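Open your viewer and let's take a short walk together. At each stop you will hear what to select and what is there.

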Amino acid sequence: MRLTCPICGDRDRREFYYQGDAVALDRPDGGAGAETWDGYVHLRDNPAGRTRDLWQHEAGCGAWIVVLRDTVSHEVFGVELAMSVGEAGA
Amino acid sequence: MRFSGLRVLREGLTGNKGWQPHWRDPEPKAEYDAVIIGGGGHGLSTAYYLAKTHGMTNIAVLEKGYIGGGNVGRNTTIVRANYFLQGNSEFYSHSLKLWEGLEEDLNYNVMHSQRGLINLFHSDGQRDAFVRRGNAMAVQGDDAVLLDRAGVARHLPYLDFDNIRFPVYGGLLHPRGGTARHDAVAWGYARGADRRGVDLLQNCEVTGIDIENGAVRGVQTTRGAIRARKVGIVVAGRSGQVAAMAGMRLPIESHVLQAFVTEGLKPCIDHVVSFGMGHFYMSQSDKGGLVFGGDLDFYASYAQRGNLPMAEHVMEAGMTLMPMIGKAKVLRSWGGIMDMTPDGSPIIDKTDTGGLFIDCGWCYGGFKAVPGSGFSLAHLMATGQHHAPAAKFRLDRFRTGRGLMDEEGTGSQHNLH
């Protein structure tokens, strides 16, 4: 699998650190309660198919990116900078 | 049909015409007392112990593919009880004891081979950690022997002891650890359950879970609706999809784990050996293939294959530890889908829906747990009470933060295990 960093271009998957589901961008308020925080930290839709997850171009420019891809075929549909989506909560 | 040495001899002399199918291929009934979703190792053993220990024989196992076609046929066959934390320790200890009586119990040769498992260490700090782990194993009543460098050399003379970067300092030997023939485990449990009246329904995919007034009433399948007041979800990497049918989200992310096997070689690796400075472990199958694996590919995936970066990493780690394997040709590689929890430990629990149970989160260690997991889930489904050795595998530990079991000590977060 290769990912296209919006800044650096097409790169080997090994240059990227995988954070997980892009739910990390939707950090709840501190007082949101246990259920909400459980949903944010632990519970996952875990789709077999299209997913949206958060990676960092660790061995490159360091940018956090949001990747739209398929978890079954590993096809990548799109990559965008997390900073253009929202603050990365990593 | 019972298996015995005499039977093998007689069949051999009479053209092997007397063997029969190991299980029936029944039509689904309209209703069962209990239904297990998932005909893998854990689902089959759950059905077996429900029938054998609890006398529940009007039950069915629903398998979307065929028996033995999922992770139970895709793992690296290692059986061990070398866990450290309370919760895990007593569970795997119990499971290993079941393994030790399994062939007698099932009247089936699962080729359980307690050839010994050696976890190597490569620094003083790692030695301290293994001493601690070994003591925990001994306290649990299991076996652990600390080997110094010379002790390891007596068992594993082929290692690169003086590797410039990762010299071998010693190892923790778990003599009762070993391997088993994974397919035979599935077949043995399937046959044992079938003989007690359990219906094994293959090519029967669950498409919906019927819930009324907060309690489960049955399932919809590709072979029709089936009513049941008790339903167990035992579907490993597919837990998220099946739980969603009951309106649940789980603390599970599915990842691919690769494994590899070489061409058949003469016996050379007598134990199960794991490298302490890179994720690599190896054993040799009875057919002669070197069976080995490493870490997850480390991103969510349902592809039952892996990517080359992890294949390369595993080969590099193997070559660092035992350069003698360098000329062995890799015959094939494959991937299985692991149901990863944030803390790396499993879940056997009730759900918020009455009569609906879940057994999942086995991460990359489900094979050795097959007997214990089925035994404990059967106990929970039949009695409503948690089975003591599995009582800490609670679903709510993530929400409450109480009872997290982070065996690796890396944190309770999805991308850390």
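Begin by showing both chains: 19 residues of chain A are in contact with 21 residues of chain B (contact means that C-beta atoms, placed from the backbone, lie within 7 Å). This is a predicted model, in which local features need pLDDT of at least 70 and side-chain atom pairs count only at pLDDT 80 or more, while totals for chains, interfaces and linings use all residues. Residues are numbered from 1 along each chain as its sequence is written, and chains are lettered from A and ligands numbered from 1 in the order in which they are written.

Helices (H or I, at least four residues) and strands (E, at least two) are DSSP runs, numbered from the N terminus. Which element gives the largest share of that side? β3(A) does, with 3 residues.

Stay with β3(A) and select its sheet: an open one of 4 strands, ordered β3-β4-β5-β6 (chain A) with antiparallel pairing. Strands pair if DSSP finds at least two bridges between them. β3 and β6 (76-81) of chain A are at the edges with a single partner strand each, so one side of each has no neighbour in the sheet. Zoom in on β3(A) and β4(A), joined by 4 bridges; here Y17(A) stands opposite Q56(A).

Finally, select chain B, which is divided into domain 1 (5-78 + 182-251 + 343-416) and domain 2 (113-178 + 253-340), with bounds from an automatic or database domain assignment. Their centres, taken over C-alpha atoms, are 28 Å apart.

Note on methods
Contact = placed C-beta atoms within 7 Å.
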